[in-house]
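Thanks for coming, everyone. Please bring up the model on your screens, and we will walk through it together.

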Amino acid sequence: MNEQNSPRPIVQEPMVKPEASQAPSRDPVKLNEQAEQALAHLDNDFISPRMLCSLWRIGETAMVFAAGAFSWEWRQGLSETGPWLPLSSALAGSLIAAAIITSAHAYELAFLRAAHRRIWRVVAGLGLAIGFVAAALGFLAPGTLAVFPFATWFFLSLAVIVPARLILGLNLRRWARNGRMERRALIVGGGKNAETLIRRLEMQPGNDIRICGIFDDRDDRRSPPLVAGYPKLGTIAELVEFARRTRIDMLIVTLPLSAEERLLVLMKQLWVLPLDIRLAAHAGEMKFRPRTYSYIGSVPMIDVVDRPLADWDAIAKRALDITAASLAILVLSPVMALAALAVKLDSPGPVIFRQKRHGFNNQPVEIFKFRSLHHAMSDPEAKQIVTKGDARVTRVGAFIRRTSIDELPQLFNVLRGDLSLVGPRPHAIHAKSSRDETFTEIVDGYFGRHKVKPGITGWAQIHGWRGEIDDPEKLVRRFEFDLFYIENWSLLLDMYILAMTPISLFRSKSAY
C-alpha cells in the first residue's frame, strides 16, 4: 500500500493554530533598546531546579544503599548468609527511604533550600525505612536479625546525608541570588492582573521564579510601561524573538478567562515556542476541579502548553543520539568514505555541502551533506528546490540523494548537538515550494515544528513524506506528522523510526 495514500494519522490539531495573517515572518523582529539591555543581563549558565532535585534523589538513594551494604559487610558473621541478603536488604531499604522521603516532599526545591529547618523529615523517613527492613528480616530470616547492624546503617547514612543537605541548601540559596537556580518567566499582559500576580509570587516562600519582563500589545495608556517594578519590554511579536534569544522557561498569561477572544489570539502567536505556557488563575471568577491547576507556591495556574522533551526526556534522547550516532559513524564509515571519493571524482568542487537551516527554537544551524549538485550551480539558500530531472544534480548526486547517503555527514551534526537522529527534518531558511511559495505561507504555525531539535529522519519521512514540495498538501501532511511526533514522543517511538528508516528508503518516490 502506498504510504502517501494511507489514511491520515490521528493528529491532535495544535490547540492554538495561527491564522495565516499571523504566521511568523522569516525576518527576525527587531527588539527595542530596553529589551536588548534585558537580554544582556540574562546569563545562560544555569542549573535546572527540577533536574537537580531528581539527581539529588538518585544520589541520596545511592548513598543509603552504600551505607547499608558497607555496614553489613563490615560486620563479622555475615559470611554465612552470602552477599545477596545484605545487598538486597540495603537496596530495599534505600528504595523505601526514597519513597517515604519523596512522599514527605523532602526532595522539593523549597525543602532542599531550607534543609536546616525540616531535616527531621529525612531522619524520620530513613528510620521508618530501616525499621521496615528490620521487621521484614525478623519475619523472613529471624536468625540473622541479631547480627545486622541497623543502628550503624542508620547513623552512617545520616552522617553523610545531613551534612550534604546542609551544604546543598547553602549552595541553592547562593545560586538563587546569582541567577543560576531559577525558572525564568515572562509575563504576557500588563495592568492590574499582572501586578497582582507579581506581588503574590514575590510573597511565596522559596519561590524560584524570576520574572524577566512583561510583554503586551496594548499601548502605555491601557498597559503601563512599569508594573510592580518590572518593565514592559515590547509586544507579543517581540516576546517570541526575545524568547528565542535567551533561555526562558515559562510564559505566564495574566488575561482573565473571560477575555476568550484575546486569549485565543495570544495563544496562536505563542504556541510555537518550546516553553511551558501557564494561564494565571489567581483572579479567575470561574473555578475548576483542583486537579486542573498546577501551583507556584500557593498561586494557581492552568497548564495550557507543556514544553516537549524537558529534563530527563531531553537527557534520554541526547544519550540515544550520542550512542547511536557514534555507532552509525563506525559502521557506515566505509560507505561515507566511498561516497566522498565518488563525489570528488564525479565533479569538481568540495565534497561536503554546508547549508543554513532552521534548528531548535527556529535558530539557524549549519548542516553537512555530501555535495549532490554541480558546485557552480549549488544553492546554499535553497531558493530553487531540486526537481525531478534537475540538470544541477550530478550523476553521483542523483544516486546518493535517492538513497539518502548524502545525509550521512549529518551524523556529525548530531554529535555536535545541532540535530537529533529523529525529529522533524530541518528545512533551509529560505526554502520555497516548487510554486515559489514560502513554507510559512503554505502552513499556518509552520514554526511550531521547531519546538524540538530537527532530525536526520522522522515520523513524516518513514511514511513517505520526503523530497520535493511540488504540492502544498505535501507540506501540510509533513507538518501534521511532525506535530504528531512532537506530541507523542517516546524513546520507543524514536527506536521504531530508526528501525523503519532503511525500509522506508525503498518506498519513497519523491526524493531526487
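Ground rules come before that. This is a predicted model, in which local features need pLDDT of at least 70, side-chain atom pairs count only at pLDDT 80 or more, and totals for chains, interfaces and linings use all residues. Residues are numbered from 1 along each chain as its sequence is written, and side-chain values use heavy atoms, with hydrogens and water left out.

Now the overview. The protein chain has 16 helices and twelve strands. Those are DSSP runs numbered from the N terminus, with helices being H or I of at least four residues and strands being E of at least two. Of the 512 residues, 51% count as buried. Buried means under 20% relative accessible area, exposed means over 50%, and partly exposed is in between, with a 1.4 Å probe and protein chains only. The accessible surface is about 24900 Å², and 61% of that belongs to carbon and sulfur atoms. Those areas come from the Shrake-Rupley method with a 1.4 Å probe; for residues, only the protein chains shown count as cover. Next, contacts, meaning heavy atoms within 4.5 Å. Take the contacts between residues at least 6 apart in sequence: 75% of them join residues at least 24 apart.

On to the sheet. It is open, has eight strands and mixed pairing, and runs β3-β4-β2-β1-β5-β6-β8-β7. The edges are β3 (226-227) and β7 (293-296), each pairing on one side only. Pairing here requires that DSSP finds at least two bridges between the two strands.

Look at β6, residues 276-280. Five of its five residues are buried. Which residues lie on each face of β6? D276, R278 and A280 are on one side, I277 and L279 on the other, and both faces are covered. With β5, strand β6 pairs in the parallel sense over four bridges. There, L251 has I277 as its bridge partner. With β8 (residues 299-305), β6 pairs in the antiparallel sense, over four bridges. R278 is partnered by D303 in β8, and A280 by M301.

Next, helix α8, residues 236-244. Eight of its nine residues are buried. They are I236, E238, L239, V240, E241, F242, A243 and R244. What covers them? The cover includes helices α1 (33-40) and α9 (260-270), plus strands β1 (183-188), β2 (209-215), β4 (230-234) and β5 (250-253).

N361 sits in the loop between β9 (352-358) and β10 (364-370). Buried or exposed? N361 is buried, at 10% relative accessible area. Setting aside neighbours within four places in sequence, N361 contacts A243, R244, L273, P274 and H450.

R449 is buried, with a relative accessible area of 2%. Its side chain reaches the backbone oxygen of R425 at 2.8 Å. Again leaving out neighbours within four places in sequence, R449 is in contact with P424, R425, H427, F479, D482 and I486.

Now the cores. A nonpolar core is a set of buried Ala, Val, Leu, Ile, Met, Phe, Trp, Tyr and Cys residues joined through side-chain atoms within 4.5 Å. The largest has 45 residues, and F370, L411, L421, W459, Y485 and I497 have the most contacts inside it. Elements giving two or more residues to this core include α10 (312-346), α12 (410-416), β11 (420-422) and α16 (491-504). A second, separate core has 34 residues, among them Y107, I130, F148 and L168.

Last, the aromatic rings. How many aromatic pairs does the structure hold? Four. Rings of Phe, Tyr and Trp (its six-membered ring) pair if their centres lie within 6.5 Å; planes under 30 degrees apart count as stacked, over 60 as edge-to-face and the rest as tilted. W459 and F484 are stacked, at 5.3 Å centre to centre with 20° between the planes. W459 lies in α14 (residues 459-462) and F484 in α15 (residues 472-487), so the pair ties together parts 25 residues apart in sequence. Both W459 and F484 are buried. Together with Y496, they form one aromatic cluster.

Note on methods:
A polar contact is a pair of N or O atoms within 3.5 Å; within protein, one must be able to donate a hydrogen and the other to accept it, and residues adjacent in sequence count only if both atoms are side-chain atoms.
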